[in-house]
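Please open the model in a viewer and keep the sequence panel at hand. The stops below name what to select and what will be found there.

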Amino acid sequence: MPVRLTWTGHATWLVDTGHGVLLVDPFFDECPTASMKAADVRCDAILITHAHFDHVADAVAIAKRTQATVFCNFEIAQWLGKHGVEKTQPMNLGGRVAVPGGTAKMELAHHSSSFADGTYGGNPAGWLLDVGGKRIYIAGDTCLFSDMERIGRPDAHGRSLDVAILPIGDIFTMGPEDSLAALRLLQPKTVLPSHYNTWPPITQDAAAWAKDVAATKLAHPHVLEPGTSFKVP
Ligand SMILES: [Zn+2]
């Protein structure tokens, strides 16, 4: 079974590892571009990058309904617990855990992280997944940072990144230009854009971005529409 990445809009992804579905940053019902409703999501685990509304809005409802374990930082796990979520795996940067189909490592991200109610949401993070034999980096909300060179280094078996999912919306995260610099550091085979076209301030021309990426020959760009998938080759 190939690993399949589905973008449901904004920064929300479903990672079908072949041994279960990981839901990353659930934001459906109030997301203007979401391809589905929270009530229709099926998943076996939930991974959260940070506490901002556009990354956790539907986490409580989906976690309660599916009983999927939520993997997140310690502060987010505490907040979810107070809101009735029973199964969480609190983590912090550098930690690696088993998830359906492989492992997930909590990586650096440079951003902020607070809940809509003002509660402190711990450090923001990205995820480095090793699932279904594929290495997938989900940057989360972040600026460009030089540790991406480390994150992109081949593992002990010489395997480099198969996919990098990078924000390109600008203003709140890195934009298209810095995403090209990120590719130079990460050296993934394929790059998928995220965190754009949800609202007017983060509108981007993804086709133009893909052309720019292709011109660099750094990675194969693959632009998805909300609700469509990419099968990791
Ligand atoms: Zn965001």
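**Stop 1**

Helices (H or I, at least four residues) and strands (E, at least two) are DSSP runs, numbered from the N terminus. The model is predicted: local features need pLDDT of at least 70, side-chain atom pairs count only at pLDDT 80 or more, and totals for chains, interfaces and linings use all residues. Residues are numbered from 1 along each chain as its sequence is written, and side-chain values use heavy atoms, with hydrogens and water left out.

Select residues 59–66, which form helix 2. Within this helix, Ala-59, Val-60, Ile-62 and Ala-63 are buried (under 20% relative accessible area; exposed is over 50%, partly exposed in between; 1.4 Å probe, protein chains only). Next, select Gln-67, which follows helix 2 and has a positive phi, near 60°.

**Stop 1: the zinc ion**

Select the zinc ion together with Asp-54 (OD), His-55 (NE2), Asp-141 (OD) and His-195 (NE2), which coordinate the ion at 2.1 to 2.2 Å. Donors are N, O and S atoms within 2.8 Å of the metal (3.2 Å for Na, K and Ca); water is not among the atoms, so sites may look incomplete. Along the chain, the donors follow the spacing D-H-x85-D-x53-H. Asp-141, in the loop between strand 10 and helix 4, and His-195, in the loop between strand 12 (190–194) and helix 6 (206–216), lie 54 residues apart. Asp-141 is buried, at a relative accessible area of 2%, and His-195 is buried at 3%.

**Stop 2: salt bridges**

A salt bridge is a side-chain nitrogen of Lys or Arg within 4 Å of a carboxyl oxygen of Asp or Glu. The count by this rule is eight.

Select Asp-155 and Arg-135, whose side chains form a salt bridge at 3.8 Å, N to O. This pair joins distant parts of the chain, 20 residues apart: Asp-155 is in the loop between helix 4 (148–151) and strand 11 (163–167), and Arg-135 is in strand 10 (residues 134–138). Both Asp-155 and Arg-135 are buried.

Move on to Asp-147 and Arg-150, a salt bridge with its closest N and O atoms 2.9 Å apart. Asp-147 is partly exposed at 29% relative accessibility, and Arg-150 is partly exposed at 30%.
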